[in-house]
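Please consider the sequence and the coordinates together before turning to the points below.

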Amino acid sequence: MKTLLIIPPSNSDSPLPTLGVAYLASSLQRAGHETRIFDLWTEPLSDQQLLEKIGEYQPDLVGITFFTRRYSATKKLADDIKGWFPDKKIVVGGYHPSALPRETLSEIQSIDFVAIGEGEETIVELLESLPDKEWDRVHGIGYRGEGGAVVLTPPRKFIKDLDGLAYPDLLQVDPRKYRIHPPYGWFGLPLTMITTRGCPGKCTFCSKSVFKRTLRSLSPRKVVDEILYWKERLPVKEIRFYDDDFTISQKRTFEICDLLIEEKVNLPWTCTTRVDFLSRDLMVRMKEAGLYFITLGVESGSPKVLKALQKGYTVRHIRDAFSWAHQLDLVTFAFFMVGCPEETEADVALTMAIQKEIKPDFLNWGVLRVVPGSQLFEEFKRDHAYDFSCDQNPIYRQDLDEKYLCKLCKKGMLTHYTSPRGARAVLKYFYKTKNFGVIANGLQWIKELI
Ligand code: B12
Ligand code: SF4
């Protein structure tokens with residue numbers, strides 16, 4: 001049978017391969033089903049082109065990955081496809097429908113099914129259930145039953161052994177089609193990988209609708225085998241681990257580093273993690289194994305706000321992590337947030353102060369927004385209406401003016417990028433990458449900040 005998977009278009013300026021869809025494709029292929037991916041993020045199609053291409057391919061099932069921030073594009077895709085081909089079944093999956101399955105089916109009538117949670121097994125079973133219309137036996141889905149009432153089947157169990165998964169189909173979700181964007185990609189085309197699923201952390205803003213709080217990981221051997229596999233097939237020049245918290249198990253990270261060295265992988269790499277999931281020894285080993293750039297969530301410099309966000313780390317962890325990273329001459333990227341629970345102007349001042357103290361090379365400030373599947377969203381929806389059709393998540397602090405919060409973000413970023421350290425980091429990036437194509441974008445961005 002044939003499945004068409006679609007990645008909706010996005011105007012995000014930081015495109016990265018959508019690994020979830022790449023995993024679905026390889027899982028379908030392994031089960032013997034032909035699968036095609038239309039990645040409209042990298043290769044937008046006009047309505048006419050899309051209609052013609054679907055008409056030519058004639059899939060039995062159309063699957064669309066659904067991000068909250070791409071609500072309107074996803075709805076339009078489903079509406080168009082159902083309008084052109086009323087008999088084609090459409091399933092959506094991902095964080096948004098996993099958090100809001102009933103709402104998704106009620107709001108978007110063109111969607112036949114929502115997949116809730118991990119999708120590799122669900123999509124194969126759903127596809128195979130279509131001829132006999134036995135989809136009520138498929139766990140982890142929702143659909144409209146008799147009289148239009150939404151039916152949710154029992155939850156899908158997690159795949160126990162992630163090592164058993166086929167490699168994501170990166171020949172279809174092709175990293176070469178993605179523009180490398182600053183401040184990443186110092187050495188060239190990145191191989192993007194996700195090596196863990198689920199996180200026991202309790203951060204209140206983080207969506208847990210798909211992978212929940214149980215940590216599952218690829219074994220170090222599998223991680224390195226996958227790198228070697230893709231290194232032979234794609235002209236990758238570095239690795240970008242985009243796990244939420246790559247070093248969540250320090251023991252596993254040491255083992256990955258040992259293998260990267262042992263197998264002479266020789267690719268520089270970057271990862272994102274939490275400041276308290278690190279030690280100096282681990283960082284030293286990571287650097288020996290090729291780490292050159294580390295992204296760390298700082299969020300706030302206020303102990304009170306860190307506690308309110310249930311981050312589980314302290315300002316001391318932030319200081320230590322940055323100090324080790326500087327000693328090892330790693331490129332550092334810090335994330336900060338404003339508009340947090342219990343945050344006052346004095347707390348924002350503490351965040352500004354910690355930014356100056358820890359001296360990251362690159363940084364980003366964002367306004368805290370509530371995303372479906374997070375603890376904050378559950379609290380928020382009790383008192384506030386929400387509407388995602390505008391492709392934006394509501395700000396958490398409804399008592400504050402959004403423009404004021406955006407201004408704080410701009411201030412935080414401008415303070416840094418006009419400082420010698422920030423300016424030096426940007427110049428170094430351009431010097432190293434010769435990525436001059438993005439200078440115009442950078443200048444536009446600075447203009448907007450001012
Ligand atoms: C890498 C990443 C990014 C990258 C790239 C995203 C991409 N192309 O995939 C970038 C940096 C661009 C990004 C941006 C943003 N992100 Co992001 N990101 C992630 C991250 C860390 C990994 C995604 C991933 O690859 N997961 C691994 C794969 C295997 O899982 P998956 O994608 O969920 O797919 C599985 C299932 O969901 C399901 N599935 C998915 N699609 C479909 C479709 C069908 C038909 C079926 C059946 C099943 C199915 O099956 C898949 C296999 O099991 C996740 C957190 C996480 N750990 O997942 C956050 C996450 C997805 N991001 C999030 C957010 C909030 C954002 C931003 C809004 C941040 C911001 N403030 O700008 C933007 C939005 C961008 C946009 N306009 O869409 C939230 C999403 C919450 C939500 N309700 O949508 C997450 C969950 C983080 C969190 N825990 O809160 N992100
Ligand atoms: S933000 Fe990171 S550490 Fe916190 S719960 Fe989410 S994944 Fe875990």
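Among contacts in the protein between residues at least 6 apart in sequence, what percentage join residues at least 24 apart? The share is 75%, where two residues are in contact if their C-beta atoms, placed from the backbone, lie within 7 Å. The model is predicted: local features need pLDDT of at least 70, side-chain atom pairs count only at pLDDT 80 or more, and totals for chains, interfaces and linings use all residues. Residues are numbered from 1 along each chain as its sequence is written, while chains are lettered from A and ligands numbered from 1 in the order in which they are written.

**Overall architecture**

- The protein contains 16 helices and 15 strands; these are DSSP runs numbered from the N terminus, with helices being H or I of at least four residues and strands being E of at least two.
- Its radius of gyration, taken over C-alpha atoms, is 22 Å, close to the 22 Å that the globule rule gives for 450 residues, so the protein is as compact as a globular protein of that length. The globule rule is 2.2 Å times the number of residues to the power 0.38.
- Along the principal axes, the C-alpha atoms fill a box of roughly 65 × 55 × 40 Å.
- Of the 450 residues, 42% are buried. A residue is buried if 20 or more other C-beta atoms, placed from the backbone, lie within 10 Å of its own, exposed if 12 or fewer, and partly exposed in between.

**Phe205**

- Phe205 belongs to the loop between β9 and β10, and it counts as buried because it has 21 C-beta neighbours inside 10 Å.
- Leaving aside neighbours within four places in sequence, Phe205 is in contact with Leu309, Leu368, Ser374 and Leu376.
- The C-alpha atoms of Phe205 and Cys340 are separated by 9.4 Å, although the two residues are 135 apart along the chain.

**Backbone geometry**

- Most residues other than glycine have a negative phi, and most peptide bonds are trans.
- Lys212, in the loop between β9 (196–197) and β10 (216–217), has a positive phi of about 55 degrees. With 18 C-beta neighbours inside 10 Å, Lys212 counts as partly exposed.
- Lys264 has a positive phi of about 50 degrees and lies in the loop between α8 (250–262) and β12 (269–274). Lys264 counts as exposed, with 7 C-beta neighbours inside 10 Å.
- The peptide bond from Pro182 to Pro183 is cis, with omega near 5 degrees; Pro183 sits in the loop between β7 (150–152) and β8 (190–193).
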